[in-house]
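This report concerns domain arrangement and selected backbone features. Please consult the sequence and the model alongside the text.

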Amino acid sequence: MSRPAARPLRITANVIGVLAFVVAIFPVYWMVNSSFLPRNKIRNPVPTWVPFGGDLDNYRTVFEGDQFLNAMKMSLIVTLCTVLVALVFAFVAAVALSRFRFRGRMSFIVTLLVIQMIPVEGLFISQYKMLEAMDLLNTVIGLTLLYVALVLPFTVWTLRGFVSGVPYELEEAAMMDGCSRMQAFFRVTFPLLAPGLVATGVFGFIQAWNEFTLALVVMTKEDKETLPLWLTTFADVNRGTDWGGIMAGSTLIAVPVIIFFLVVQGRMVGGLTSGAVKG
Amino acid sequence: MRIKKTLAGAALATLALTSLAACGSDSDSDGDNSGDAPKAADIRVWLNGTDTPQEARDWLKTTFEEQNPGSTLTIEEQEWDGLVERLTTALSSDSETPDVVEIGNTQAPTFTSAGAFSPLTDELEALGGDDLLQGFVDGATVDGETYAVPYYAGSKYIFYRKDLLEKAGLEVPTTMDEFVDAAVALKQDNPKPANFSGFWFPGQDWRNGATFIWDAGGDLAVESDGEWSGSLSSAESVAGLERAQQLFVEASGAPKDGNEADPWTPFCAGEVGMMSTPGWVKGLIEDPETGCPDTFAKEIGVFALPGSDGSPAPVLLGGSDIAIAAKSANQELAQKAVALMLSEDYQTILAENGLTPALNSLAPLLGDDEYAQATIAAASNAKLTPAAPGWATVEGSRVLEDLFSALAQGGDPADLAADADEQMNGQLNG
Amino acid sequence: MSDPVASTSTGAQTGAQTGTQTGTAPRPRRSPLPYALLVPAVAALLLALGYPLVRQVVLSFQDFGLAQQFGKPPEWVGLDNYTSLITDDYLWLVTLRSIVFCLVNAVLTMVIGVGLALLMRHMSRGIRILLQTGLLLAWAMPIVASLTVWQWLFDTNYGVINYLLTQIGFDFEGHSWLLRPLSFFFVATVIIVWMSVPFVAFTVYAALTQVSEELIEAAEIDGAGPAARLRHIIFPTIKPVLMVVGILQVIWDLRVFSQIYILQKAGGSTHDTNLLGTYIYRLGIGTGEFGMAAAVAIFMLVLTVALTSPYLRVMLKQEKEA
């Protein structure tokens, strides 16, 4: 792989890579570090760089009662449903938009764009009324519906970019070799979309995973709480915010995102690409 | 005494009603909601955060269910974060609305004037009448109707380091002038660390800053002929602002643009001589996880900030209201729940946990140590933010944070106050 | 269903040579297939956003506050919400400030994100995985935690950044990073770019994996230098994704809210640091003035369209040509 001429380039790239890594990771490190410290060490004139002498007290607080695990379950269900539905819907729409020409195509693209540009912050009042009328308050379906709509325009749009990035000529070549149109698409184009599906899937996951306002107004029953709602139990204005609890909770909240990424990354990029080569 | 009688009367009446209701339901068990007895239901009570002690919650549930056979009471804990959004939506829904809600006393006016709550005017007398914290009742009254009643209160008082006062040869101040002098002297007496505060006063802290305006005879905003206008630039208010500025510049080492969150952090770092905080901060300073129980916590003393005339200075009153959702289908049962929450038994539990009770006559239950005395003294002269319809907008636009922060940075008080008044005039009348 | 493949292969060869004139192949016009493919997405969007969006427009012409939310009939006020919005001088100051802030942040995010993605191709495998892990962790960090941590890092008295700068000999003891508006926006930019770069880097890197290795090698043999390869092979392939990601940055950075809101609570002057996100939040949603909030949302929409229009035109033109 490494071409001799590229050596200075590689060294520069590596140095920048390490620097960028340090900048990216430091706040994350600080969160994890704080999650092991008592509150009076977290904010102190002399920073505590490594959590030696720290303990698991904050994690013990997190696991007190079953609220955390409940919220984790609820978040996982809503988020996974959102990602799955959004990816499937967006994928077929993206194929339509980039592999077909049809009347209304341009208007659809423009509409998606405009929807993406509308500030959604003020919509929660109407969305609440709507779910109330549909009898979907405090339900997974209700919240998932709102989340799907939240990530769908972006997902369609980005996936369309990825589909367009694969030359149609590749499919045509496959068809000349005797593949049907479907076969050609799934053997040639689809594997090349895997990274795009991963990127948009992770994006949708993180959006839904961290969403606060909609969950706040839709899920008012304690057993329906998602993780971001649960996290606010540590911020009690009349008792002082439990920063240790927030940091421990946040650390745990980040873990499923990483797992999700590793799983889809491994599955899709590894699995599909190798399958495609064989095909 | 009168109050106790009223309460006893109310309790008796409740008992009588309950037994009547019981008889009634005996005689025609299938009857639909016969007579005055409310239909049995599950009453949902929203309480915020962990302020209400578990003991009080248990008492409320048990007592309510005893007195209202067939009905149940469920407490659903809410968080202060996002409370307004949640109330805005849930209180508008026939199916999802809670029956009784707790709401911050400064948030209450926004909802009371919008018709989110049922009027409690007729119940006011039975709930405590003149014995209720009057400021809270006023704040929840619109055009003669009262929509919320006080739940508990809390005001800030001064925490100080006994050792530092002693080292500087200072006595506990008894007037505003002495207090300011002491704050400045403490700062001079402790050149290290550089950010030491004789009086810890971060720039955004207008809630403590308002005290100096009120003490000097000024006000944040005034009403005349139904029109509200800012009165920060009145001569009295400016005198108060000058005093605040003196403290910012000569006595405080806190960040000039900082907020007042987590005061125990600088206190435990040894950077604070005096500070004005809510009483519960004591618990955090004494907690080994959050504070410094082995060092500075041992030196804490407290007093209510003295005013210019030697009586307690007017401080901003904090606390919570309770109200009944207008959309609640169980108005009568909800009223019973509210009555229980204002009962002597229930409020006693709150008082024993350090919350200033909603009934003036119960204040002695706070105890008689120096903390209780400071709490009672501070609450005795506490004030609320102006009851202007647009006050939420003023707070939202952070005019006052900007004003005090600019003061802390040395701006001219009269000019800054005039600017702030101009901004507020456009906002106060909604 | 008719087989849609009965079309000519327009310039397949030349397309492959120059990299890619990619995109839509010509199709018969009347196939129902593409419509069928759009149905799920359209249905979901209509169901979840149809009513709220229509209501949003209606609300913008009404005096609709908390009282109306609790049952008082709303009053039609025509364009009042809009006129009071656009006659507010401060709004225009904030708008200008927001546009500058948005462009600076979007450009920085794109440059850093795309730069990292391109460099990742040249990094050693270990370093690349290290960087990707770091970016993923930063991306996965819950927003509450990241905003809090950044605030701590820049804290006046207990901040690690002041501590370090003081340790290495600068006088940063008790330095307030938020006091001056420029410094405030610098901190905000650091946080926003830090939060946005992972998304850009990952998405663009994913797009780069679509670039054909053979084409690059062929170009190399033809003597094309790195710059030429970038311009003629790499950029054309990832252009659709770059466009999408770029526009999204503009959209998001124009309405940035949480970061500014949190920083204003921590320090600085609110009046001098308001951006559209925080100002209109306090104008509408934050004070329960939902009619005004709706008008504000539509104002934002128009502004976003205006700001991204050159971009959109290029993109749509490309669509038509494709």
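Predicted model: local features only at pLDDT ≥ 70, side-chain atom pairs only at ≥ 80, totals over all residues.

## Domain arrangement in chain B

According to the domain assignment, chain B comprises domain 1 (2-147 + 318-372) and domain 2 (157-316 + 383-425). Taken over C-alpha atoms, the centres of domain 1 of chain B and domain 2 of chain B are separated by 34 Å.

## Contact between the domains

In chain B, 11 residues of domain 1 are in contact with 13 residues of domain 2. On the side of domain 1 of chain B that touches domain 2 of chain B, the elements giving two or more residues are helix 4 (108-112), helix 6 (134-139) and helix 15 (370-380) of chain B. Helix 6 of chain B supplies the largest share of this side, with 3 residues. By class, this side of domain 1 of chain B has 7 polar, 2 nonpolar and 2 charged residues.

## Cis peptide bond

Lys192(B) and Pro193(B) are joined by a cis peptide bond, with omega about -5°. Pro193(B) belongs to the loop between helix 8 (176-189) and strand 8 (197-200) of chain B.

## Positive phi values

Asp135(A), a residue other than glycine, has a positive phi near 60°. Its position is in the loop between helix 6 (124-133) and helix 7 (140-165) of chain A. Asp135(A) has 10 other C-beta atoms within 10 Å and is therefore exposed, the cut-off being 12 or fewer.

In chain B, Asp143(B) has a positive phi near 45°. The loop between strand 4 (141-142) and strand 5 (145-146) of chain B contains Asp143(B). Asp143(B) counts as exposed because it has 5 C-beta neighbours inside 10 Å.

Key:
Residues numbered from 1 in each chain as written. Chains lettered and ligands numbered in written order. Domains from an automatic or database assignment. Contact = placed C-beta atoms within 7 Å. Helix = DSSP H or I, 4+ residues; strand = E, 2+ residues; numbered from the N terminus. Nonpolar A, V, L, I, M, F, W, Y, C, P; charged D, E, K, R; others polar. Buried ≥ 20, exposed ≤ 12 C-beta atoms within 10 Å, placed from the backbone.
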